[in-house]
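Here's a quick briefing to read alongside the model. Have a look at the fold, then work through the points below.

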Amino acid sequence: HPYRQAYAAGVRIIGATAHFVTAQLDEGPIIAQNAVAVTHRESLDGIKDISEGLERETLSYAVSLVANARVVRISLNRLAVMN
């Protein structure tokens, strides 16, 4: 479980990445990324809640970019994102 691993490792930054799907897990071109700092005061549930919220925001933003034709492939693994 990634949240438990992050909590146990004492991470200080939590991130989320939205990318196109490929045959290899988590290897597609990146559409959007987001990160937030956390402190030692966060509980495991707090880390999970923050992470899930960040994941929702990042995915929603990435879908919006693609739906509005603001993502252009410039090479096999690279995209240009028009913000």
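Let's begin with a strand pair: S3 (residues 71-75) and S4 (residues 78-81) run antiparallel to each other, with 4 bridges between them. Strands count as paired here if DSSP finds at least two bridges between them; strands themselves are DSSP runs of E with at least two residues, helices are runs of H or I with at least four residues, and both are numbered from the N terminus. Bear in mind that this is a predicted model, where local features need pLDDT of at least 70 and side-chain atom pairs count only at pLDDT 80 or more, while totals for chains, interfaces and linings use all residues. Residues are numbered from 1 along each chain as its sequence is written, and side-chain values use heavy atoms, with hydrogens and water left out.

**The hairpin**
- The link from S3 to S4 is a hairpin of 2 residues.
- Across the pair, Val71 faces Val81 of S4.

- For the rule, a nonpolar core is a set of buried Ala, Val, Leu, Ile, Met, Phe, Trp, Tyr and Cys residues joined through side-chain atoms within 4.5 Å; buried means under 20% relative accessible area, exposed over 50%, and partly exposed in between (1.4 Å probe, protein chains only).
- Ala32 touches Ala16, Thr17, Ala18, Thr58, Tyr61 and Ala62, leaving aside residues up to four places away in sequence; a contact is heavy atoms within 4.5 Å.

**Ser51 in helix H2**
- Ser51 sits in H2 (residues 44-67) and is buried, at 6% relative accessible area.
- A polar atom of the Ser51 side chain is 2.9 Å from the backbone oxygen of Ile47.
- Setting aside residues up to four places away in sequence, Ser51 touches Tyr3 and Ile14.

**The salt bridge**
- The count is 1 salt bridge, taking that as a side-chain nitrogen of Lys or Arg within 4 Å of a carboxyl oxygen of Asp or Glu.
- Glu52 pairs up with Lys48 in a salt bridge, with 3.5 Å between the closest N and O atoms.
- Glu52 and Lys48 are 4 residues apart in helix H2, so about one helical turn separates them.
- Glu52 is partly exposed at 25% relative accessible area, and Lys48 is partly exposed at 35%.

Technical notes
A polar contact is a pair of N or O atoms within 3.5 Å; within protein, one must be able to donate a hydrogen and the other to accept it, and residues adjacent in sequence count only if both atoms are side-chain atoms.
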